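Visitor: I would like to learn how to read a structure such as this one, feature by feature. Could you take me through it slowly?

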Amino acid sequence: MIVLEKRPQPSRAWAIATPILAVLATMLFGGLLFAVLGKNPVEAILTIFYDPLLGPHAGYYRPQLLVKGAPLVLIAIGLSLGFKAGIWNIGAEGQYIVGAICGAGVALAFYPLEAWYIFPLMVLGGAFGGWVWAMIPALLKVRFGTNEILVSLMLVYVAEQLLASMSLGLLRNPQGLGFPGSRNLQQYESAHNAELFANTGMHWGVVAALLSVIFAYILLNQHMRGFHIRLTGDAPRAARFAGVRPARLILFCLGSGGALAGLAGMFEVAGPSGVVSIDFNVGYGFTAIIVAFLGRLHPVGVLLAGALLALTYIGGEIAQSNLGLPAAAIQVFQGMLLFFLLALDLLTNYRIRARQTGVA
Amino acid sequence: MDLSAINPALLLASLMVAATPILLAAIGELVAERSGVLNLGVEGMMITGAICGFAIAVETGSPWLGFAGAAAGGAVLALLFALLTQVALANQVASGLALTLFGLGLSALIGQGYVGIKPPKFARLDIPVLGDLPVVGRVLFGHDPMLYIAIALVAGVWILLRFSRAGLILRAVGENHDAAHALGYKVVRIRILAILFGGACAGLGGAYISLVRVPQWTEGMTAGVGWIALALVVFGSWKPWRVLLGAWLFGGITVLQLNLQAAGVAIPVEYLAMSPYLVTILVLVILSADKSRAPASLGKIFHASQ
Amino acid sequence: MKFTSLLVGGALALGMATGAMAQDDKAKVGFIYVGPIGDGGYTFEHDQARKAVVEKFGDKVETTYVESVPEGPDAERVMTQMALNGADLIFATSFGFMDATVNTAKKFPDVKFEHATGYKTAPNLAIYNARFYEGRAIQGLIAGEMTESNIVGYIGSYPIPEVIRGMNSAFIHARKVNPDVQFKIVWAYTWFDPAKEADAAKVLIEQGADVILQHTDSTAPLAAAEAAGNVIGFGQASDMGEYADGPRVTSIIDNWAPYYIERVNAVIDGTWETSDTWAGIGDGMVEIGEITDRVPAEVKAEALELKDKIASGEYHPYTGPLNKQDGTPWLAEGEIADDQTLLGMDFFVEGITAEMPK
């Protein structure tokens with residue numbers, strides 16, 4: 001009989017080896033899937049993993065990894081703080097939307113004035129928007145004990161309607177011939193979150209994502225608040241005795257998660273996307289939850305997980321267009337990757353032992 | 001504005017239909033959560049059920065076989081989740097989200113050949129005398145069989161949880177898996193069964209959309225219903241009849257907002273469209289006064305260390 | 001790190017200038033879709049047209065497509081990637097791709113771009129759209145003639161010019177043949193949610209509508225009409241012929257194939273030029289599905305006559321006298337609406353009682 005034995009300490013070696021094993025396993029099973037669909041499996045796998053990094057047009061794709069990965073990492077860092085403390089904000093998508101609306105709203109209120117202070121105000125506006133949206137579940141939880149998973153999730157749908165309403169009404173481009181969607185902020189210099197260096201993909205959102213990783217790392221490892229977060233997650237009762245005030249922690253975790261998601265939305269709307277439109281949100285808020293867990297709620301892990309997911313998105317697009325793989329096959333492939341990453345994580349925390357039956 | 005155009009009896013009848021897919025998925029998830037498993041993959045299991053049910057109904061010509069296939073399809077996907085979380089001890093939140101992603105892709109692959117086909121008809125029950133009663137007849141007795149099966153499932157789950165030994169064990173596992181294990185119950189086996197049940201129910205809910213409510217197959221057609229089902233379980237504080245109530249409330253508000261629009265009520269449409277979610281939040285706040293809480297082991301990983 | 005990226009960026013800029021040259025004489029054509037090709041509606045029809053291109057030109061073309069592309073940076077990346085891989089012509093098939101297409105077109109002056117339903121052009125960026133409102137006029141006529149309750153239900157997605165234009169056109173022609181007809185309008189506030197469309201159709205039927213028009217792509221409203229028994233509806237985007245023995249009396253079909261073939265041909269010949277196409281029934285871009293026998297013969301004849309008149313250009317569905325909803329005059333007797341007003345239409349015509357969502 002095979003039994004699992006918990007390791008006294010997570011294995012460092014396996015922690016590094018399992019993601020690699022998972023990617024290899026995904027290549028194997030994904031390759032099988034592609035073969036079943038009548039595509040050359042080796043070519044497909046190479047297209048997804050190799051082309052964006054080192055392929056013929058990698059010079060274009062590598063910066064795009066930053067563009068795609070930055071919002072994921074920024075949101076996931078905020079979420080991981082809460083998840084560590086057992087506070088479940090799964091409505092980051094909504095906070096992302098509201099942050100974008102507020103950030104763009106600030107810019108459009110100033111339009112067409114050009115001034116240096118507009119962009120910083122937009123940053124504040126975006127963070128504030130996300131923060132406010134996250135404060136709703138936070139306050140309801142603190143005041144009434146309402147479940148934050150649900151409230152934050154419901155608020156995603158509310159935010160989507162708000163977004164539709166804004167794109168069709170208040171923020172609609174008056175010169176847009178009646179079509180929905182705001183002015184393009186890329187054409188409004190003071191508000192444009194442009195690339196810091198041409199063709200590098202580096203924009204302020206990427207900078208913010210990297211900074212958030214560093215701050216989260218310091219917070220969790222050096223700061224009292226970080227200690228409280230970890231303690232509350234691991235041993236809630238002990239946390240009480242250690243003087244953690246749960247209400248404050250809830251407000252802090254949800255609030256910072258919301259603010260970061262709002263920032264991500266604001267950087268996106270001011271930069272790569274440019275317009276507030278009905279379909280502005282593309283699911284970063286939900287994907288970020290996966291990123292947070294894949295990164296094992298550790299800031300550096302989140303960074304790597306964000307990069308890996310961004311890679312499969314971009315590689316997947318290339319595979320679709322070059323090899324004619326359906327989008328659905330890419331989705332299944334991504335699903336497999338996540339499954340293997342999650343399943344093989346077992347080896348980090350447990351030892352697999354063969355044992356005689358009857359002992360247990 | 002012409003509110004007299006809204007017929008309350010028809011409104012009631014439609015809200016029951018609108019609520020059925022959410023109800024089916026939610027009652028399955030309730031059982032899984034009562035056993036201590038949080039499966040966020042409901043949307044993925046629903047859409048897989050939707051295509052499995054559709055494909056089998058089209059191939060065999062029998063909606064009943066379709067529903068059976070949908071339940072099986074949902075359960076197979078759930079098995080994947082069970083393997084991940086119960087055998088490989090993976091995190092449940094992340095596994096569930098991955099399951100949704102996987103299910104959406106898988107269903108689209110299976111469904112490639114089924115676009116633009118009409119499934120066999122699933123007849124409404126024709127109950128002779130009762131169905132002809134004024135008002136009550138239309139509301140209570142004029143639906144398709146699946147709707148009654150959904151309600152019967154709610155009753156069945158209620159009885160199981162409340163009065164049976166199996167239900168007691170299930171709850172024990174969900175409340176304190178270590179204690180249940182110490183008492184000699186097979187925690188992992190019980191949870192796997194609960195997860196499979198949840199998957200089968202979600203599959204049925206998906207098939208209700210693709211075979212009865214819409215009926216057609218299009219990619220991503222569940223359009224987020226699975227998430228609402230998840231919300232309903234907490235909304236109903238893990239109690240079957242409250243979940244039913246919640247599903248009808250949610251369905252009711254959705255249908256009512258469309259009714260108000262058609263009647264020309266001058267409330268901005270986007271606020272009407274928000275209303276089901278806002279009302280859900282409101283009711284949640286009111287219900288949080290009630291101290292019934294989640295199963296204590298919900299979402300926690302169980303490992304039988306000696 | 002930064003320095004190498006800059007170098008790569010420079011190399012990339014060079015690559016862009018030359019990358020567009022096709023390596024062989026095959027025309028490479030890329031398509032980007034906003035939805036899955038399995039949506040059975042909007043994207044499905046674009047992909048049908050892509051297949052028609054393949055069928056027409058055989059191995060003279062090579063088509064590629066990417067489905068379910070979100071608008072914004074993802075769309076721009078997909079198009080850039082197609083251009084880098086040597087595409088000669090790229091069809092961006094959704095309004096939301098507009099700014100992404102404009103940006104990509106700027107980066108690749110040698111690649112031709114075609115953007116559906118937008119309004120921004122460039123020397124290498126053409127736009128195309130279909131006059132679906134012409135088909136709506138025919139549906140309106142049939143609806144007005146066939147309704148017995150004088151209530152016609154209309155399911156809209158979002159209140160945008162495209163949808164409003166169709167509603168007005170249908171209403172004008174329903175009123176022409178039936179002065180008592182009323183429209184009940186429900187906005188779904190989603191592009192795609194079949195279950196919600198089913199609910200909306202049911203609600204309209206319950207409130208007395210016996211004709212359902214839809215500006216959403218699923219067959220859910222037709223199924224609801226069939227279940228209700230004595231209600232008729234129309235196919236949208238696709239023919240939805242599977243309901244032809246039931247409620248579906250005719251349909252508006254998006255037929256992009258002739259346009260795509262023409263434009264691909266122009267690229268092969270080297271005669272491609274930017275253009276602004278807004279084609280209707282006459283050009284075959286808007287196709288009217290077969291009118292079933294459920295429609296009485298004289299109504300059918302009337303509908304076909306209207307279709308022919310629109311196709312030949314003899315009649316424009318927006319011909320005065322027409323007033324706006326609040327009664328202010330819009331078009332004088334015999335005056336025809338200009339395309340600019342139609343493109344940005346954000347008002348109802350006189351007679352519609354529903355309020356425009358703000």
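Visitor: How many of the 25 residues of helix 13 of chain A are buried?

Guide: Before I answer, please note that this is a predicted model, in which local features need pLDDT of at least 70 and side-chain atom pairs count only at pLDDT 80 or more, while totals for chains, interfaces and linings use all residues. Residues are numbered from 1 along each chain as its sequence is written, and chains are lettered from A and ligands numbered from 1 in the order in which they are written. A residue is called buried if 20 or more other C-beta atoms lie within 10 Å of its own, exposed if 12 or fewer, and partly exposed in between, with C-beta atoms placed from the backbone. Helices are DSSP runs of H or I with at least four residues, and strands are runs of E with at least two, numbered from the N terminus. In helix 13 of chain A, 19 of the 25 residues are buried, so this helix is largely enclosed by the rest of the structure.

Visitor: At what angle do helix 1 and helix 10 of chain B pack?

Guide: Two packed helices are described by the angle between their axes and the distance between the axes. Axes are lines fitted to C-alpha atoms, for helices over the stretch in contact, and angles run from 0 to 180 degrees between N-to-C directions. Helix 1 (residues 8–34) and helix 10 (residues 187–213) of chain B pack at about 170°, with axes 6 Å apart. Angles under 35 degrees count as roughly parallel, over 145 as roughly antiparallel, 65 to 115 as roughly perpendicular and the rest as oblique; helix 1 and helix 10 of chain B are therefore roughly antiparallel.

Visitor: How many residues of chain A are in contact with chain B?

Guide: Two residues are in contact if their C-beta atoms, placed from the backbone, lie within 7 Å. By that rule, 37 residues of chain A are in contact with 34 residues of chain B. Ala, Val, Leu, Ile, Met, Phe, Trp, Tyr, Cys and Pro count as nonpolar, Asp, Glu, Lys and Arg as charged, and the others, Gly among them, as polar. The side of chain A that touches chain B divides into 27 nonpolar, eight polar and two charged residues.

Visitor: Which helix of chain B gives the largest share of the side that touches chain C?

Guide: Here 37 residues of chain B are in contact with 33 residues of chain C, and helix 12 of chain B supplies the largest share of its side, six residues. That side of chain B has 21 nonpolar, 12 polar and four charged residues.

Visitor: Where is C:Ala116 found?

Guide: C:Ala116 is in strand 4 (residues 112–116) of chain C, and with 23 C-beta neighbours inside 10 Å it counts as buried. Leaving aside residues up to four places away in sequence, C:Ala116 touches C:Ala92, C:Thr93, C:Ser94, C:Tyr128 and C:Asn129.
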